[in-house]
Amino acid sequence: MQTFTAMRSFVAQYPKTIALVTVTGAGLFGVQKWMAGGVCRSKASLEGKTVLITGGNTGIGKETAVDLAKRGARVILACRDMDRANKAAEEVKKRSGNDNVIVKKLDLASLQSVRQLAKDVLASEGRLDVLINNAGVMSCPKWQTEDGFEMQFGVNHLGHFLLTNCLLDLLKKSASSRIVTVSSLAHQRGQIYFDDIHQEKDYCPWKSYAQSKLANVLFTRELAKKLQGTGVTTYSLHPGIIRTELGRHFWPTMPLWKRVVYTPLMFLIKSPTEGAQTTIYCAVEESLQNESGLYYSDCAPKTAAPQGLDDEAAKKLWDLSASMVGLI
């Protein structure tokens, strides 16, 4: 009774403060829910289907794996770090109640590794219903892949370009099937530097990242054209701003004052589960079965930036990419 009386006294003494705190808290909660974005409502079953997710050992890739495993899919986690991948697979099994989750080695910074994974999948899997090109690197220093490509363009685009092409026959055999590629809103700031694709003249981590994410959108668009009539459909997407490991390269390079300002805002951005929703949507939503080549965000189709709708650039990028990875 004394506690209740004390609380009433405090509220009576500081009504404006209480009102301000309440309104601010409600506002922040509302902003956080708005930032969380759309949710995949599809109840589609994936019993008897096989899904391959690159980079499925962490972040939105792992959350996507949990959801699709819950739907009954056989899930293949294609990852570079096998120790972390095996631990993630055990977590996915436990959380989904589905033991049909396996791990395969994939280093997207190595064309040899990409080809070896594809060879393994073609030899061991009778079908592939969904390929999710999820793995990526963001704003890293000026690094090169094993084959001499700029790291972000090599991993985010070329590795997935080769993997997808190597698995196309199996995807066609399994039709109707889907190819989902995780891009980013950053594609809006990107352009394809055909005269300096590896950014050797003027490397900027963010410029290179934006180029690779634009390449994802253009790749999806051109791939849709090439797959017309096959029963294989393609989708690119922006997952949102998410609390994951993807920012591990640029966060330490930020000035201290920016980190101090941005840290409280981490509460407002998406969790990995929330960030995975659009990937899941593109992988399972029944209404998308006859859609292909489009760009999505918050579980809905969105218009890509003008440079992401450039069919001439998409064709030119395809030919260049095929030449770089040895497909022509």
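Let's start at Ala 276, which sits in the loop between helix H9 (272-275) and helix H10 (277-284). Helices here are DSSP runs of H or I with at least four residues, strands are E runs of at least two, and both are numbered from the N terminus. What you're looking at is a predicted model, where local features need pLDDT of at least 70 and side-chain atom pairs count only at pLDDT 80 or more, while totals for chains, interfaces and linings use all residues. Residues are numbered from 1 along each chain as its sequence is written, and side-chain values use heavy atoms, leaving out hydrogens and water.

Is Ala 276 buried or exposed? Ala 276 is buried, with a relative accessible area of 0%. (Buried means under 20% relative accessible area, exposed means over 50%, and partly exposed is in between, using a 1.4 Å probe and protein chains only.) Leaving aside neighbours within four places in sequence, Ala 276 is in contact with Ile 60, Glu 63 and Thr 64, where contact means heavy atoms within 4.5 Å. Its C-alpha atom is also 10.0 Å from that of His 238, a residue 38 places away along the chain.

Now go to helix H3 (residues 59-70). Its 12 residues should span 16 Å at 1.5 Å a residue, and the end C-alpha atoms are 17 Å apart, which agrees; the expected span is 1.5 Å times one less than the number of residues. Because 10 of the 12 residues are buried, H3 is largely enclosed by the rest of the structure. Among those buried residues are Ile 60, Glu 63 and Thr 64. Just after H3, Gly 72 takes a positive phi of about 100°.

Next comes strand S2 (residues 74-79), where five of the six residues are buried, so S2 too is largely enclosed by the rest of the structure. Strand S1 (residues 50-54) pairs with S2 in the parallel sense over five bridges, and two strands count as paired if DSSP finds at least two bridges between them. In that pairing, Thr 54 stands opposite Ala 78 in S2.

Zoom out, and you'll find eight strands forming an open sheet with mixed pairing, in the order S3-S2-S1-S4-S5-S6-S7-S8. Strand S3 (101-105) and strand S8 (300-302) are the edge strands, each pairing on one side only. From one strand to the next, the twist averages 25°. Strand S4 (residues 130-133) and strand S5 (residues 177-182) pair in the parallel sense over four bridges, with Thr 181 in S5 as the bridge partner of Asn 133.

What lies on the sheet? Helix H6 lies across S1, S4, S5 and strand S6 (232-238), running at about 175° to S4. Axes are lines fitted to C-alpha atoms, for helices over the stretch in contact, and angles run from 0 to 180 degrees between N-to-C directions.

H6 (residues 151-173) also packs with helix H7 (residues 205-226) at an angle of about 20°, with the axes 7 Å apart. That makes H6 roughly parallel to H7; angles under 35 degrees count as roughly parallel, over 145 as roughly antiparallel, 65 to 115 as roughly perpendicular and the rest as oblique. Among the residues that meet are Phe 153 and Leu 168 in H6, and Tyr 209 and Phe 219 in H7.

Finally, the whole chain: its secondary structure comes to 11 helices and eight strands, and buried residues make up 52% of its 328 residues.
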